[in-house]
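Let us take a walk through this protein together, from the overall fold down to individual side chains. Please keep the model open beside the text as you read.

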Amino acid sequence: MRFTRFLPFLTLAAALAIFGVAAPGADEQKPAKLLGVVELFTSQGCNSCPPADAALAKLAARGDVVALGYHVDYWDYLGWSDTLGSKANTERQYAYARGLNRRGVYTPQAVINGRAHTNGGRYGEIVSTMRQDMAAGRWPSVGLTLTDLGDRIRVEAQGAAGGETGKVHVVLVYFRGRSDIEIRRGENAGKTIGYVNAVTDYQTIGMWEGEPMTVDIPHSEFAAKNADGCAILLQRATPGGHPGEIIGAAILPRQTS
């Protein structure tokens, strides 16, 4: 295993841990559960978002989906600054818009497996799209596992089934598993809303080249990112360099049905 690029803002401890080596017998691993990915772009200041936030919680409980909530900041001017929002989350949504050939962004938007989108409140449509992906052979196909080793989290990726993998980013996503927020102003004033898997940070930590791979993430990184969970995405880049199809995913803590 070798990485071709690392972002400069990784801490020294994280950088040292990320230079992992392939685990002995990695290519003899048992097949990992193949999970789909739903990324919801939402805002506490958007009155059409609560149904989508509830749908994300429902998806997170399924056991076959990595469900992630990216709180954006462009509705903050309505009178309430999203306590979970960030410019980085907004930037990821705009990057998806470019990759999906869209002129703009909206909330609530659910991006499914990095390749399709719909209104995040349409749970049935999201599930239908995932079923279509699976039937058409577009479901993430690379096995990934995340294991808590006490002082670190171990990420293991199985090798590609065959053929050229192309340019595949290893994306590390940190999140808060549960956040109950009392909203005092704006369009949702007076509501207390529960949010699941709200993203606090994400980083591209390297490239996956189709070979079995092991990466260790220090536990200290979770406190630094105000997170209590993480996910790993193997994500292709579009020809324009924007986030595209997700071909592998794992999450810790693992969701249960």
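What follows starts with the whole chain and then moves through strands, helices and rings.

A word first on how to read it: this is a predicted model, in which local features need pLDDT of at least 70 and side-chain atom pairs count only at pLDDT 80 or more, while totals for chains, interfaces and linings use all residues. Residues are numbered from 1 along each chain as its sequence is written, and side-chain values use heavy atoms, with hydrogens and water left out.

Let us begin with the chain as a whole. Its secondary structure comes to 5 helices and 11 strands; helices (H or I, at least four residues) and strands (E, at least two) are DSSP runs, numbered from the N terminus. Of the 257 residues, 52% count as buried. Here buried means under 20% relative accessible area, exposed means over 50%, and partly exposed lies in between, with a 1.4 Å probe and protein chains only. The chain exposes about 11500 Å², and carbon and sulfur atoms supply 50% of that area; the areas come from the Shrake-Rupley method with a 1.4 Å probe, and for residues only the protein chains shown count as cover. As for contacts (heavy atoms within 4.5 Å), take those in the chain with a separation of 6 or more: residues 24 or more positions apart account for 72% of them.

Now find strands S7 and S8. Strand S7 covers residues 168-182 and pairs with S8 in the antiparallel sense over 14 bridges; two strands pair if DSSP finds at least two bridges between them. S8 itself is mostly covered, with 13 of its 17 residues buried.

Ser179 is in strand S7 and counts as buried because its relative accessibility is 9%. Not counting residues up to four places away in sequence, Ser179 touches Leu84, Ile193, Gly194 and Tyr195. Asp180 also has its place in strand S7, and, leaving aside neighbours within four places in sequence, Asp180 is in contact with Ile193 and Gly194. Asp180 and Ile193 are 13 residues apart in sequence and 5.6 Å apart in space, C-alpha to C-alpha.

Elsewhere there is an open sheet of 3 strands, in the order S5-S6-S9 with antiparallel pairing. Strand S5 (144-148) and strand S9 (213-218) are the edge strands, each pairing on one side only. Between strand S6 (residues 152-157) and S9 there are 6 bridges, and Arg154 stands opposite Asp216 in S9.

Next come the helices. In helix H2 (residues 50-60), the buried residues are Pro50, Ala52, Asp53, Ala55, Leu56, Leu59 and Ala60. What covers them? The cover includes strand S1 (36-42), strand S2 (65-71), helix H4 (123-135) and strand S8 (192-208). In helix H4 you will find Thr129, which is buried because its relative accessibility is 15%. Thr129 touches Ile112 and Ala116, not counting residues up to four places away in sequence.

Asn113 sits in the loop between strand S3 (109-112) and strand S4 (116-119). Asn113 and Ala249 are 136 residues apart along the chain, and their C-alpha atoms are separated by 9.4 Å.

Finally, the rings. Rings of Phe, Tyr and Trp (its six-membered ring) pair if their centres lie within 6.5 Å; planes under 30 degrees apart count as stacked, over 60 as edge-to-face and the rest as tilted. By this rule the count comes to 6 aromatic pairs. The rings of Trp75 and Tyr77 have centres 6.3 Å apart and planes at 35 degrees, so this pair is tilted. Trp75 is partly exposed because its relative accessibility is 25%, whereas Tyr77, at 62%, counts as exposed. Phe41, Tyr70, Tyr96 and Tyr202 form one aromatic cluster.

Charges meet rings too, where NZ of Lys or CZ of Arg is within 6 Å of the ring centre and within 35 degrees of the ring normal. Arg92 lies over the face of Tyr202, at 5.6 Å from the ring centre, and the charged end of Lys58 sits over the ring of Tyr123, 4.2 Å from its centre.
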